[in-house]
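Here is a short briefing on one protein model.

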Amino acid sequence: MHKIALIRALVATACALPILAAGCKDEPIPLFDEEGTWVLSLFALEDGDPIGGFGSSLRQDKYMIFYDKDAKIVATAACNDSMGEQGLKTSQCDLPKEQGGYYCRCFNYEFDETLMTWTEFVPKGQPTPPAPSEEDVMNGVVPPDAGVRIALEEYSPDTYNDTYRYTPLPFGVFDSNGTTSQFIFQARSVASFDVTGCREVCGIGAEAEM
């Protein structure tokens, strides 16, 4: 059992005891400890699509997010290629970090039990990401800088450890449609994110302090 899930279970058990219930407060406990690096492993971009993979090993472990809990900032990193592609099913991921190998986006976030809210900010000197069209907004897409609510749930815990489903991500992040896209992330070592350079771009973590 994940340590956060264990804490939730222990708190629920303690608060069920009459002698302790009076001291319990309704303080939300996040579904998991988000700190560090998470790698995209599976996804379904459109409503009705089955959960699946990248279709090429070139793109595996090349789409990541990194949380800094103290700063309440999450950075996303999508691999670029020499043709300017960043798509989950199209990028060749053939550029090194020094040549802009990753496209970074930065968000402030809040985490309340099984819900997150990501609000995009654009660091100085970085390009503004494409915004959803008026038609997209009419169809329910929330602009990323307006605060996007993300539903979270543990994914197939009998098969995977530290693996969670996000529905959706903000519009355009990892090809998200901003409404129904689903993304499955697995925990990785903090150092896995270093190759992206996106912590430095978003002003968080060890890279930003160098």
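A cavity here is a set of points, on a 1 Å grid over the protein atoms alone, where a 1.4 Å probe fits but cannot get out; lining residues have an atom within 4 Å of a point. The model is predicted: local features need pLDDT of at least 70, side-chain atom pairs count only at pLDDT 80 or more, and totals for chains, interfaces and linings use all residues. Residues are numbered from 1 along each chain as its sequence is written, and side-chain values use heavy atoms, with hydrogens and water left out.

**Cavity**
- The structure holds 1 cavity of 30 Å³ or more.
- About 60 Å³ of space lies in the largest cavity. Volume means the space filled by probe spheres set on the points, and grid points are joined across faces, edges and corners.
- The lining consists of Y103, C104, R105, C106, E120, F121, V122, P123, Q126, P127, P129 and V201.
- Strand β4 (102–112) and strand β5 each supply at least two lining residues. Strand β4 gives the most, with 4 residues. Strands are DSSP runs of E, at least two residues, numbered from the N terminus.
- By class, the lining has 9 nonpolar, 1 polar and 2 charged residues. Ala, Val, Leu, Ile, Met, Phe, Trp, Tyr, Cys and Pro count as nonpolar; Asp, Glu, Lys and Arg count as charged; the others, Gly among them, count as polar.

**Strand pairing**
- Two strands pair if DSSP finds at least two bridges between them.
- Strands β5 (residues 115–121) and β6 (residues 148–154) run antiparallel, joined by 4 bridges. Here L115 stands opposite A151 in β6.
- Strand β6 also pairs with β7 (residues 163–167), in the antiparallel sense and over 4 bridges. E153 has R165 in β7 as its bridge partner.

**Backbone exceptions**
- Most residues other than glycine have a negative phi, and most peptide bonds are trans.
- The peptide bond from T167 to P168 is cis, with omega near -20°. P168 is found in the loop between β7 and β8 (182–188).
- K72 is not a glycine, yet has a positive phi of about 55°. K72 lies in the loop between β2 (63–68) and β3 (73–79).
- C93 also has a positive phi, near 50°. C93 lies in the loop between β3 and β4.
- Which of these two is buried? C93 counts as buried at 13% relative accessibility, whereas K72 is partly exposed at 35% relative accessible area. Buried means under 20%, exposed over 50%, and partly exposed in between (1.4 Å probe, protein chains only).

Methods
1 Å grid on protein atoms, 1.4 Å probe; cavity = no way out; pocket = protein on both sides within 12 Å on 5 of 7 lines; lining within 4 Å.
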